[in-house]
Amino acid sequence: MGEMKSMQMGVIGALFLSVASSVSIVICNKALMTNLGFPFATTLTSWHLMVTYCTLHVAYKLNFFENKPIDTKTVVLFGLLNGISIGLLNLSLGFNSIGFYQMTKLAIIPFTVLLETLFLNKKFSRKIKFSLFLLLVGVGIASITDLQLNFVGSVLSLLAIATTCVGQILTNTIQKRLNVTSTQLLYQSAPFQAAILFVSGPFVDKYLTRLNVFSFHYSPIVVGFITLSCLIAVSVNFSTFLVIGKTSPVTYQVLGHLKTCLVLAFGYTLLHDPFTPRNIAGILIAVLGMLLYSYFCSVASKSKQGSSESSFIGKDRDTTPLLSQEKENHEAKKLDKHSPV
């Protein structure tokens, strides 16, 4: 019972850390890119991952965690896949309208459900599917303003959805099947994610912004915000792997849409972004969907736990007489052995 409570507290802590760090980095990056004119998102992400790796390396040297070797091919492919998915999401934003980009992000949940159903035989109840539908409708109402389609943008969006879904499913699967922690997996994969983005980032950013990251004027305040963004990113990257490992890719995406609603609310209260009744209605519908999803998942988890406990008790009842009988037989043999002939 105590172990179950400890696990629940761990999940709650991971969810809180993910929300707090993600909302913080969005606000920081918005100030950096909008107010200070630093538009190089892909290159900035590569710096995030490099700082994350360096921080984890220091933590490893100080014995904060043990490093568990993972098959090199698995780590390299996993790291490259995650790096490519980040680059494709940024390209999708560059080639599509903001509305279509939001649609791309919304499509990640149903695609993840589809992939887990087809390839991992995972089952989602109708109630959970309904709650996810409500969530997607709410976020769509709150965040999608315009939809402009083009062929290249649509292809990039499909590739971004596919790589993101597979990457997040693998994040969960690798941790559970290879019995590694989120810290161990992030520590070994971060260099490969950073490498592909560090190489491709300047080219992607130059294509999207028509500006060169190396010729940008780095004032002290810009450097300060970049440093702050990189430090917050350590928490974002760590909590991402932690949440997906402790819960599921779908739950992580649901959490991501909660962050979207919080960012919209913070944008209105702190940055005075325009806010309409449509935004409010969408956020309320999305929050209802999240609450229902959490409730249905909790009910399903408790019923699964109850069935596993009852089966364990049944097994215990079946095996107790056998163990007692074996013990009695063993004692009888000992008496026979030591008794005089």
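Student: How many residues does helix 2 have, and what span does it reach from first C-alpha to last?

Tutor: Helix 2 (residues 41–61) has 21 residues and reaches 30 Å, close to the 30 Å expected at 1.5 Å a residue. The expected span is 1.5 Å times one less than the number of residues. Helices are DSSP runs of H or I with at least four residues, and strands are runs of E with at least two, numbered from the N terminus. This is a predicted model, where local features need pLDDT of at least 70, side-chain atom pairs count only at pLDDT 80 or more, and totals for chains, interfaces and linings use all residues. Residues are numbered from 1 along each chain as its sequence is written, and side-chain values use heavy atoms, leaving out hydrogens and water.

Student: Which residues of helix 2 are buried?

Tutor: Among them are Leu-44, His-48, Leu-49, Leu-56 and Ala-59. Buried means under 20% relative accessible area, exposed over 50%, partly exposed in between (1.4 Å probe, protein chains only).

Student: And what comes just after helix 2?

Tutor: Asn-63, with a positive phi of about 65°.

Student: Switching topic, how many helices and strands are in the chain?

Tutor: Ten helices and zero strands.

Student: What share of the chain is buried?

Tutor: Of its 341 residues, 41% count as buried.

Student: Is Phe-119 buried or exposed?

Tutor: Phe-119 is exposed, at a relative accessible area of 62%. Its place is in helix 4 (residues 98–119).

Student: What share of contacts comes from residues 24 or more positions apart?

Tutor: They account for 88% of the contacts with a separation of 6 or more, a contact being heavy atoms within 4.5 Å.
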